[in-house]
Amino acid sequence: MSKIIESINIQGSIYTGDDVSKYALDFGKTITKKPLAVANTTSAEDIIKIIAVAKKHSVPLSIRGAGHSCYGQTLCNGGIVINNISSKPQFKVHSESVEVNTRTRWLDLENALNAMGRSLPVLTDYLTFSVGGTLSVGGYGVRSVTEGSQVDQVQKLQIITWNGDILWCSPDENEEIFRYALCGMGQLGIIEKVIMRTTPYFPKPILHHYRHPSLEHLVATFESFLDENNSFPDYFEAAMVGENFLNFSHPIVNRILKTGTHLLLGKKIIGSRYGFHNKERINFEKSELLRNIKPKISTIKDNYALFSHRKQDKYVSSLHRQKRIWTDYMLNYEGLCKFTSFMEEELQDKKLANYLGVLYFLGNRKPKKKIHFAFEPASGIKDRMTFLVGVFYAVPENDTTGVNYVREALKRSLQKVVSLGGRPYLYGWNDLDNKMRNSLYGDSCEKMINLCQELDPEGVGKLLPSFTGETNAV
Ligand SMILES: Cc1cc2nc3c(=O)[nH]c(=O)nc-3n(C[C@H](O)[C@H](O)[C@H](O)COP(=O)(O)OP(=O)(O)OC[C@H]3O[C@@H](n4cnc5c(N)ncnc54)[C@H](O)[C@@H]3O)c2cc1C
């Protein structure tokens, strides 16, 4: 079989053997599935050729962007991983939109748009992801507080089904496939291109940084986002960094990153950050609680997206010897308040608290005409304003007991989120059983399975545990 696969004539490259081992793991580094081959694809034609051979010889396929999922979503036992990422961005800029190939990394696209005075409305805090990988899960960032998610910015997409057919989809054309492909984790096929909205580029934003005495205090300040008549900041994010968070501001941090030794922060820090495009924008409706705290004010040299990306890049480098058991949850405000109290109780357990890197918060204000994406975290909540909470644990590579300990903790948090009417973010570590899956997505799972069968009668694309109600073995 290896010989047949290696002989597929594509513009990119295809290989088998030991070199594939890197693709047996994802960012989480906890689940292992070894593929037979990896195909670095560079065009739709490459993908279609691979699908044809896989169909003929019944070889399973998976699609991977930058591989930053945490629960094995891109892995493929004994099959071919379509490695769909490129350092050569491919896009066409229109006056208020961009048509981009999903192999492109956000960083390359945003840099090119900025040079033309444009920007993507929403970007994640780490920009090495592929356009396809993030749009297949959702995409939230500091600008979600006013702009919603990245999938909310997509006007049209082109998909290659697992049967090798090419379809254009939008709210007016193949509407159902549009709603199930975005945030659909590659189940319906490979999103090849998208047309997305762009906005004017604002360099040098002004930031107001606040410190909070407790998580309860922090979350109480978010209440001001619920009033539709309030003026909002242009950017918003908040975090509680755990006691074992690496202190990047320390002068010897670079040396530490090289040796892998951790210099720990040693205390919990709870902070929020409000950003404004320029001075004219800084009059926003602060919560009563925020009015009593004097912020530290700073300006960023270039732009917020690059500022976040650099910080996240350092953090991720510090975790190179850790398993990253990460997930995020989306909740409405009431659910968020209850969930943070629950987390505070959970983190009374010092053993668990030691594994926690960060609790991260974003606001997400849906567009007025919101399209309902079947598996998008925010689409599952009827309130216009929703909140994303990232729960990021890191466990040393050889600490198997720790992995199981954290896994049990994440099972409890998922149960809590579901009981509060929230939804998990499917890039992350979420053990969804059938009962939970049905209560979260109802008929949408059946619908996804039916669409998969319609578009891919021979079943080349494999359904992920999130859609079947199975769980992954560690
Ligand atoms: C360090 C870090 C920081 C993060 N920060 C944020 C953040 O600020 N905001 C946020 O919203 N999320 C964030 N995330 C989550 C991130 O958005 C997801 O992990 C995202 O999937 C990463 O993109 P990727 O290219 O690595 O995707 P992959 O992990 O490669 O793929 C994700 C899923 O999409 C499928 N897929 C990939 N490409 C395609 C395609 N072209 N067509 C169809 N399906 C495809 C894969 O099969 C898989 O199921 C973060 C994750 C990490 C690890």
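Me: How do the residues of the shell around the ligand divide into nonpolar, polar and charged?

Reply: This is a predicted model, and in it 34 residues surround the ligand, the closest being Gly65, His68, Gly132, Gly133 and Gly186. Elements that give two or more residues to this shell are β3 (61–64), α4 (131–135), β10 (189–197) and α10 (304–318). By class, the shell around the ligand divides into 12 nonpolar, 20 polar and two charged residues.

Me: Why does the protein chain count as being as compact as a globular protein of its length?

Reply: The protein chain holds 16 helices and 19 strands. For its 474 residues the globule rule gives 23 Å, and the chain is as compact as a globular protein of that length because its radius of gyration is close to that value, at 22 Å.

Me: What share of the contacts between residues at least 6 apart in sequence joins residues at least 24 apart?

Reply: Of the 474 residues in the protein chain, 46% count as buried. Among the contacts between residues at least 6 apart in sequence, the share that joins residues at least 24 apart is 74%.

Me: On the side of domain 1 that touches domain 3, how many residues are nonpolar, polar and charged?

Reply: The domain assignment gives domain 1 (2–84), domain 2 (91–200) and domain 3 (206–434), and the C-alpha centres of domain 1 and domain 3 lie 32 Å apart. Their contact takes nine residues from domain 1 and 10 residues from domain 3. The residues on the domain 1 side divide into three nonpolar, five polar and one charged.

Terms used: Residues numbered from 1 in each chain as written. Predicted model: local features only at pLDDT ≥ 70, side-chain atom pairs only at ≥ 80, totals over all residues. Near = placed C-beta within 6 Å. Helix = DSSP H or I, 4+ residues; strand = E, 2+ residues; numbered from the N terminus. Nonpolar A, V, L, I, M, F, W, Y, C, P; charged D, E, K, R; others polar. Rg over C-alpha atoms; globule rule 2.2 N^0.38 Å. Buried ≥ 20, exposed ≤ 12 C-beta atoms within 10 Å, placed from the backbone. Contact = placed C-beta atoms within 7 Å. Domains from an automatic or database assignment.
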